[in-house]
Amino acid sequence: MQRALVLRAQQGDEQAFVALVREVGDTCMAIAYRILRDVDLAEDAVQASIVMAWRQLRALRDPDRFEAWLYRLLVHACYSEAKRARRHRAEIIDAWPDQAVTRDDTLTVQNRDQLERGFRKLSPDQRAILVLHHYLGMTISEVADHLAIPEGTAKSRLHYASSAMRAALEADARVVEIPRERSA
Amino acid sequence: MSTPFDRTSDRVVDAFLEEGPIRMSDRLFDAIVDDVYRTRQWGVTAPWRSFLMQRPAMTVAVVVVAIALAGVGVSLNRPRDGGLGTQPSPVAATPAPAIGVSLPPPGTILRVDPFTEPFTFQMPLFPDQTTTPVSGNAIDEFGNPVSGSTTAYRLFSTVWGGVTFHDDVPLAADMCRPSGSSIDDVPATPAAVGGWLESSVGLVVTAPVAMTVDGREAIRWDVTTGATCDTDARRPVPWFAAGERHRIYAIPTGTDTILVITWGTEWSNGSEEYLDQVNAATDDLVRSMRFGT
């Protein structure tokens, strides 16, 4: 089904591409938010990557790899947005307006704060690895494939990112009180 | 081996990443749909568009369009067996599907700006130009899907394949292993390009053939990718899949090297039946390249 839509979209069929966006758009949003931790930035990244995918769809040689290809564009769009955000804004937005969201009750408030802080210290490419591995459940080799990086690189980035997150959790016990960051 | 703490922290990280939006908002979806309907796909770009986007090219573009129109006019008035650009076949009378734009007629001078050293070339005679009013041909700039940069230029046909031009682009260190490490740019000299190709394990490279291009010493090679080469659609572009044949030209620009590569009909998943003709046409094209014009 998806392959047929991709082939049609490669011939310039906008409706077929829009149908593809309906299929994968939610996952794109979920990935982008989890990398960027900011709804506005995530939406910008999703929009930029999907429009770029439309423009460059003819360069995709294997229609069966559309999703992997789109996720790679998306991750790179997230890198760009993260760079832009570093330049233009420092606030942290902890709100999900008009969004369907999930919240996990197993996380304590302090856990969440510590993880949030730990996560924000990671580089975008380390965040991407964590999201693809932990959120989408990809194996290391699938992550490497999706990001077009060597497996060893993916492994070491994941190791670093996981260690950083563990360190953030361990710090939990040492911190007496950390004020929660909020957007203005 | 993971410790109990590792497993616990993994679960906490999983839970942390589960939180957040799981759906795209309707507002975002609508904005994307609007963008899609307003944005042209690369590969269906009108031939003059890339020129109009470049700084000093307006005059040249006007000249090119004029020449192209003149060429079409001449071809429409030729007798049926009149050779190049013969009269249109019945297909020409029907609107072309919206998947491309025909290449300009042979002899048209085109200018390519998006390179460090802009150049012109003369359109050669590609396989289907005399007999097929092509609906799928296009001429455009295209980019690196990963970086999003517009880094290359191509003549493209769903009938016979394509010719691509590359400058200032990262390349796979091993063209047989596009997913491996990469080099930052096209090697600096034609001889270095030869070394790079030779070092690609699994790539069968013929002996170099010297060519003179605008008074410069260029080199071309024919390459075949072995069956063990990666077939994954990974970047950087260009990348080769297993079992493909290409002709590669390295043309020195003075400070840099431009790569020109021929392609079979893999865009339409066809055979490479036209490749020899495309190679011959591209030989002519490369010889006609002129820099700094």
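Visitor: What makes α3 of chain A a helix of about the expected reach?
Guide: Helix α3 (residues 39-56) of chain A has 18 residues and spans 25 Å from its first C-alpha to its last, close to the 26 Å expected at 1.5 Å a residue. The expected span is 1.5 Å times one less than the number of residues. Helices here are DSSP runs of H or I, at least four residues, and strands are runs of E, at least two, both numbered from the N terminus. Bear in mind that this is a predicted model, where local features need pLDDT of at least 70, side-chain atom pairs need 80 or more, and totals for chains, interfaces and linings use all residues. Residues are numbered from 1 along each chain as written, chains are lettered from A and ligands numbered from 1 in written order, and side-chain values use heavy atoms, without hydrogens and water.

Visitor: Which residues of α3(A) are called buried?
Guide: Among them are Val39(A), Leu41(A), Val46(A), Ile50(A) and Trp54(A). Buried means under 20% relative accessible area, exposed over 50%, partly exposed in between (1.4 Å probe, protein chains only).

Visitor: What makes a set of residues a nonpolar core?
Guide: Its members are buried Ala, Val, Leu, Ile, Met, Phe, Trp, Tyr and Cys residues joined through side-chain atoms within 4.5 Å. The largest one has 68 residues, of which Phe17(A), Val46(A), Phe66(A) and Met24(B) touch the most other members. Helix α2 (residues 14-36) of chain A gives the largest share, 14 residues. A second, separate core of 26 residues includes Phe121(B) and Val213(B).

Visitor: Why are β11 and β12 of chain B called paired?
Guide: Pairing takes at least two DSSP bridges. Strands β11 (residues 216-225) and β12 (residues 245-252) of chain B have 6, antiparallel, so they pass. β12(B) also has 5 bridges to β13 (residues 257-263) of chain B, again antiparallel. In β12(B), 7 of 8 residues are buried.

Visitor: Why do β2 and β14 of chain B count as edges?
Guide: The open antiparallel sheet runs β2-β3-β14 (chain B). β2 (109-112) and β14 (290-291) each have a single partner strand, so one side of each lacks a neighbour in the sheet.
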